[in-house]
Amino acid sequence: DEKSITLPLAASDAESDSVEFTSGSSPNAEMFSHLLGEEIPLIVLFGLEPTAEPEALIKEDYERIRKSLSAVFLGKRSIKEWPEIFTDQWLGRMHDLPGFGSASELRPKFKGQDVLIASPGPSLTDSLDDLKQRRAEFLVIAPIRSLKALLEANVVPDYAFHVDATDFSSIIPKHPSLSNVSLICGDYVHSSIFDGGFGETYIAPDPAMIGNSISTALHGDEPPLMQGGCVATCAVAMSAQYCARSITLIGQDLSISKGKYVQQTKGARLGFLENKDADRENAFLTCQGINGERLQTQDDYLWFIGEMENAAAHFASEVQFFNCTSHGAFLKGWTHEQLSDRILEQRESLSADLAATDTAVTEISKRSNRHSEVAKAIGLERVQINEAAIICDQLVTELHRLMDAGENDVTWVDELEQQLKEMMEEKGSILHFYTSRFTMALSAALQSVTNLKENLSISAEYYHHVGADARKLSKAMDSALKTLTSAKSS
């Protein structure tokens, strides 16, 4: 028989959760569900009461519990909770999202423009004077971390750009010119961004969400694919997709030889935790500098360097790429020169600007119908989510029946799995994105399965969690629909 006992630890406020179960059975997955929101435990102890059972059976029990726990926690170790956080914030803000512009509307405004991305590396300070002199020549995009330095230098960018889902309230500058800066951000970002005091707001979907009914209602059929590991690479990708004539970088150090950010704030380095072990590890990571020197960098910056180089290679025939960062990593495929030396070709005429204005007026008129379109889309997605929850419940029931009966006819399981698979493989599947941590955990756990019973047990646990998440999503969609309807009527 299974039961859960919570015992206080001596000389500590921490708690230890114990699960007792009959030998030969698997612990109920529900008993582990409360651990999913916690960090990975440093130590897990398995206690077995003295019995006359052979050692082989005790080891079998141990392995079954170990694999069960591994399936539960592997997803957290791998991709943490970002898909869940993104989706929860997205649905929680759904009542406001239809009222914002979509980044899809900005395509005409970027076409043929010379885009400059002012990244927040320490070298941004070196480029501010040149940028002030040439500000009118560029469409300027700035990550939020760059805004303080830019605005204090009286440089007002056209767009702030943001794709992070965390709280940025302490980083957004309190500056009177902020309301003159339009915002391009993910539709899943933290509420601090939407409440930051920016001008016009344009939202873009997470790449994994493109294709579902809600995303299409918000952004149309051709939203920008803002795929990249950092703000700047996403901004480069969007600008290139929107047919910018050229893309210029400043402040894109991608090395830590002079620090990480321009005008670093007091305390932890603007979101980066102090980690001496990580710093020692990064001391051995270097990249080629603009002048051929070796510069100290870190693993994620090496990844971003690769993304910048891949973007230049992919769009080389359509867009000109210039890295005018004064100090930092060399980017293959980008022309490196000082911003003061950057020569721009004369633009054709104002006809493109007038066309962009006409398009913007048309897009604004479309927003009036967006609330009803989004409400309809939420209803469609919720129906499918509920169907998925029912299928998961049926799978859990059938898998447990097979284990209890010792049967191996999985025909019904295969049929149910195929139905669920088709739902989750649809483009932009919300459930697939939301439960990706469990999908990864299942894939890893099944690699060590040695018999059918283990396979059935791990699969049952997986479908239990997917079903629970489907019901959670359904409730969130119901709440989003109610607040959206209320917002429209008020």
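Here is a walk through this structure, from the whole chain down to a few single residues.

Keep in mind as you look around that this is a predicted model. The protein chain has 490 residues, and 47% of them count as buried. It is built with 17 helices and 13 strands. If you take the contacts between residues at least 6 apart in sequence, 69% of them join residues at least 24 apart.

Now for the inside. The largest nonpolar core takes in 122 residues, and the members that touch the most others are Trp90, Met94, Phe110 and Phe161. Helix H13, residues 370–405, gives this core its largest share, 13 residues.

To find where they meet, look on the H13 side for residues including Gln384, Ala388, Ile391, Leu395 and Leu402, and on the H14 side for residues including Trp412, Leu416, Leu420 and Met423.

For a contrasting pair, turn to helix H9 (residues 231–241) and helix H11 (residues 299–314), whose axes also come within 10 Å but cross at roughly 10 degrees. That angle makes H9 roughly parallel to H11. Here Ala232, Thr233 and Val236 in H9 meet Phe304, Glu307, Met308 and Ala311 in H11.

Back to the core and to Phe110, one of the residues there that touch the most other members. Leaving aside neighbours within four places in sequence, Phe110 is in contact with a list that includes Leu139, Ile141, Tyr159, Ile184, Met238 and Cys243. Two names on that list are worth a visit.

Start with Ile184, which sits in strand E7, residues 182–186. Ile184 has a relative accessible area of 0%, so it is buried. Apart from residues up to four places away in sequence, it touches Ala103, Leu106, Phe110, Tyr159, Ala160, Phe161, His162, Tyr202 and Met238. Take Ala160 from that group: it is 24 residues from Ile184 along the chain, yet their C-alpha atoms are separated by 6.1 Å.

The other name is Cys243, in the loop between H9 and strand E9 (246–250). With a relative accessible area of 41%, Cys243 is partly exposed. Its phi is near 65 degrees, a positive value in a residue other than glycine. Asn154 has a positive phi too, near 60 degrees, and it isn't glycine either. You'll find Asn154 in the loop between H6 and strand E6 (159–162). This residue is exposed, with a relative accessible area of 65%.

Are loop residues like these out in the open, or can one be buried? Ser146 gives the answer: its relative accessible area is 0%, so it is buried. Ser146 is found in the loop between strand E5 (139–143) and helix H6 (147–152). Beyond its neighbours within four places in sequence, Ser146 is in contact with Ala118, Ser119, Pro120 and Leu124.

Technical notes
Residues numbered from 1 in each chain as written. Predicted model: local features only at pLDDT ≥ 70, side-chain atom pairs only at ≥ 80, totals over all residues. Heavy atoms only, no water. Helix = DSSP H or I, 4+ residues; strand = E, 2+ residues; numbered from the N terminus. Buried < 20%, exposed > 50% of the residue type's maximum accessible area, 1.4 Å probe, protein only. Contact = heavy atoms within 4.5 Å. Core = buried A, V, L, I, M, F, W, Y, C linked by side-chain atoms within 4.5 Å. Axes fitted to C-alpha atoms, helices over the stretch in contact; angles between N-to-C directions. Parallel < 35°, antiparallel > 145°, perpendicular 65-115°, else oblique.
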